[in-house]
Amino acid sequence: MNQKILVTGGLGYIGSHVVVELQNEGFDVVIIDNLSNSSIEVLERISSITGIKPMFELLDLKDKSSVVEFFKKHIDIIGVIHFAASKAVGESVQLPLLYYENNLNSLIYILQELQKKENSNFIFSSSCTVYGQADSLPIIESAPIKEAESPYGNTKQIGEEIIRDTCKIVPNLKAISLRYFNPVGAHKSSKIGEMPIGTPQNLVPFITQTAIGIRQQLSVFGNDYPTIDGTCIRDYIHVVDLANAHIAALKRLINGENESNYEVFNIGTGQGSSVLEVIEAFEEVSGQKLNYQIVGRRIGDVVSAYADTTKANKVLGWIAKLSLKDALKSAWKWEVNLRRK
Ligand code: WQD
């Protein structure tokens, strides 16, 4: 019997890539998703990649009784990878209570079910956003947690604290928070990828939509930062590398290799790239000249953020293998494939 893993938000961008890698590794997967930021067709796409259709339950994790019922039905779940959350930074500033209710209540209800189990392994989707503008670069896991720039970022910080405090008193619960840097790119099949609803907030989907003609022009938010070319620096990690970090973290817990009940890892490439460097790399891999203009800074942007990946490499035993150009090439192929219909 294969080990069964719950992936919440498993039809989303990162979640769907993790489901594919879990199935490739021989795990049975059950997905919970409320389809608020994803589409049911992703389920077929996943099974067309792996040949295995994951179990799926349409369920809103804010509904406590549904969560209780779900865990009664799937008593054989041995691990949970938790993606389901609202994640639009700007929207969270306008709708803080929606973000605190959705992102925190869902987490609490899942943890309340896991603490009832004899043994459970929990992987939390966190974010480098918890560091704010780090004082020193590259960023290590012990870097100070700065005051969150948005309610979204705050839900990641509070979420980590809830998990940490719960693991302290629930010995049978082991957890790892993965602090993602900037996930980009798509699966090599071009069957799954990033599908932002409405106007993309993130850089790479805006670039590919501009290149394919959906958007007129990319606005580059500021070129007067103290960086190599004045534009902000980020650590762009291929989503498939990111997905494999989840497999490494899950196996670490299942095999009892964790050094404490709660661990945190930065998941990035360790390489910073400026916005203009991303644009240049995209033009090279796509053969498309990108139409962009420099505009004012975006409120809330940090100048520079890229990971110190020593702990993930040496302790977790995971390293990013794909480059920024690999990611941009896959993002472009995905965009072209998406618009082919
Ligand atoms: C990257 C760079 C922008 C769009 C966010 C969240 C983070 C995580 C990843 C969820 C910045 C510039 C962007 C555009 C631009 N999300 N940019 N024009 O802000 O680093 O991280 O997404 O976990 O929590 O904060 O990513 O892609 O929005 O921006 O110039 O149209 O691209 O200013 O320098 P960010 P991003």
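A nitrogen atom of the ligand is placed 2.8 Å from a polar backbone atom of Ser 219. The structure is a predicted model.

For Asn 202, a polar side-chain atom lies 3.0 Å from an oxygen atom of the ligand. For Arg 298, an N or O atom of the side chain is 2.9 Å from a ligand oxygen atom. On its own the ligand has 670 Å² of accessible area, and the protein covers 89% of this area.

| Residue | Part of the residue | Ligand atom | Distance |
|---|---|---|---|
| Asn 202 | side chain | oxygen | 3.0 Å |
| Ser 219 | backbone | nitrogen | 2.8 Å |
| Arg 298 | side chain | oxygen | 2.9 Å |

The model contains an open sheet of seven strands with parallel pairing, in the order β3-β2-β1-β4-β5-β6-β11. Its edges are formed by β3 (55–58) and β11 (262–267), each of which pairs on one side only. From one strand to the next, the twist averages 20°.

Within this sheet, strand β6 (residues 173–180) is joined to β11 by six bridges, and the two strands run parallel. Eight bridges join β6 to β5, again with a parallel course.

Strand β6 is mostly covered, since eight of its eight residues are buried. In a regular strand the side chains alternate between the two faces of the sheet. In β6 both faces are covered: Leu 173, Ala 175, Ser 177 and Arg 179 are buried on one side, and Lys 174, Ile 176, Leu 178 and Tyr 180 are buried on the other.

Thr 155 is located in helix α6 (residues 151–169). Thr 155 counts as buried because its relative accessibility is 3%, under the 20% cut-off. Its side chain makes a polar contact of 3.1 Å with the side chain of Asn 103. Beyond its neighbours within four places in sequence, Thr 155 is in contact with Tyr 99, Tyr 100, Asn 103 and Leu 104.

The peptide bond joining Leu 137 and Pro 138 is cis, with omega about -5°. Pro 138 is situated in the loop between β5 (120–127) and α6.

Leu 35, a residue other than glycine, has a positive phi near 60°. Leu 35 belongs to the loop between β2 (28–33) and α2 (41–50). With a relative accessibility of 28%, Leu 35 counts as partly exposed, because that class runs between 20% and 50%.

Ser 190 likewise is not a glycine and has a positive phi, of about 60°. The loop between β7 (182–184) and α7 (203–212) holds Ser 190. At 4% relative accessibility, Ser 190 counts as buried, whereas Leu 35 counts as partly exposed.

Methods. Residues are numbered from 1 along each chain as its sequence is written. This is a predicted model: local features need pLDDT of at least 70, side-chain atom pairs count only at pLDDT 80 or more; totals for chains, interfaces and linings use all residues. Side-chain values use heavy atoms; hydrogens and water are left out. Helices (H or I, at least four residues) and strands (E, at least two) are DSSP runs, numbered from the N terminus. Buried means under 20% relative accessible area, exposed over 50%, partly exposed in between (1.4 Å probe, protein chains only). A polar contact is a pair of N or O atoms within 3.5 Å; within protein, one must be able to donate a hydrogen and the other to accept it, and residues adjacent in sequence count only if both atoms are side-chain atoms. Contact means heavy atoms within 4.5 Å. Two strands pair if DSSP finds at least two bridges between them. Axes are lines fitted to C-alpha atoms, for helices over the stretch in contact, and angles run from 0 to 180 degrees between N-to-C directions. Accessible areas come from the Shrake-Rupley method with a 1.4 Å probe; for residues, only the protein chains shown count as cover.
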